[in-house]
Amino acid sequence: MSRKPIIIGEALPNMPWENRPKGCDNVMWRFSKNPVIPRDLNPTSNSIFNSAVVPYKGEFRGVFRCDDTQRFMQIHTGKSKDGLKWNINPERIKFVSDNDDPEVLRWEYGYDPRVVWIEDRYYVTWCNGYHGPTIGIAWTLDFETFHKMENAFLPFNRNGVLFPRKINGKYAMLSRPSDNGHTPFGDIYYSESPDLEHWGHHRYVMGPNGGWQSTKIGPGPIPIETTEGWLLIYHGVITCCNGFCYSAGAALLDLDEPWKVMYRTSPYLISPQETYECIGDVPNVVFPCAALTDAPSGRIAIYYGAADTVTGLAFTQVDELLQFVKENSRL
């Protein structure tokens, strides 16, 4: 029996995939060869995590957080034929500006990128240092030249995640306003723009909700359009006696008014349990940043940062995930 196509999107038959292991009842399961990207893939990297991957001309391209051996936060581009074995540029992305504005090209740091195709080009968003953390935006056609645009917001903000198409004629973004440090709070907001430079019409989406997501939350990969709404995979944080613990859940947002939450998971989908998720530069972190989808099969592959050190890969089926979200929801 063929699976009903619930994802609104393209076919991606060559996406990374591994069937659910025998005896596993979880709605999301890990790649058996995790971590898919080690911390030292480049000789200049201390760690590679919280990174973004997209399909590109039958292969895969990405933008990767690579903290270097000085422990400076940088973003690099990378390429892969199968989404598993990666060649990451050892040099950080050097942006260009269409008007050579020194304020636009000013560089302090960059981390936690997302990448999305909208209409005719790829857009990259990341946490950009500009007198504090805010949301940087750039575009590229070839993952060789990256055109840096104006920052979306004033400091302080993190986790800027664009929707993959315009909504009601406007570009749309989710973000998580923050402070200048290790923010002990965080809600998700929706914003829209006519041109990707002037942002407004800010709407509250959702905030912490107890348990594993009781301290703060933030958007993860690019929202996935389905016939039932926008599927948003997000991270949630609980403050434990030894610090923050990051897990991941999912929510279903209204297609036309994405600030309206229809369902969200009360239990987590995946939490730090494996050694590479529990031990690293920042212990106990699962931080999803990218999702590949194959619309005909309903397959979803999720790249996530583990312990702020390496990159992991997990899998799920869209129909099973939507059912889980609906049956285990608490708004």
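Which residue meets lysine 260 in a salt bridge? The partner is glutamate 257, at 2.6 Å from N to O. Keep in mind that this is a predicted model. Lysine 260 is partly exposed, with a relative accessible area of 41%, and glutamate 257 is also partly exposed, at 29%.

I will go through a few others.

Lysine 166 forms a salt bridge with glutamate 119, and their closest N and O atoms are 3.8 Å apart. Lysine 166 sits in the loop between β10 and β11, and glutamate 119 in the loop between β6 and β7, so the contact ties together parts that are 47 residues apart in sequence. Lysine 166 is partly exposed at 29% relative accessibility. Glutamate 119 is exposed, at 52%.

Next, arginine 165 and glutamate 225, whose side chains meet in a salt bridge at 3.0 Å, N to O. This pair also links distant parts of the chain, 60 residues apart: glutamate 225 is in strand β15, residues 224-226, and arginine 165 is in the loop between β10 and β11. Is glutamate 225 buried or exposed? Glutamate 225 counts as buried, because its relative accessible area is 14% and the cut-off is under 20%. Arginine 165 is partly exposed, at 31%.

There is also a network of salt bridges, linking Arg39, Arg71 and Asp281.

Now the sheet. Four strands form an open, antiparallel sheet in the order β6-β7-β8-β9. Its edge strands are β6, residues 110-118, and β9, residues 147-148, each pairing on one side only. Two bridges join β8, residues 133-140, to β9. Alanine 138 has lysine 148 in β9 as its bridge partner.

Terms used: Residues numbered from 1 in each chain as written. Predicted model: local features only at pLDDT ≥ 70, side-chain atom pairs only at ≥ 80, totals over all residues. Heavy atoms only, no water. Pairing = 2+ DSSP bridges. Salt bridge = Lys/Arg side-chain N within 4 Å of Asp/Glu carboxyl O. Buried < 20%, exposed > 50% of the residue type's maximum accessible area, 1.4 Å probe, protein only.
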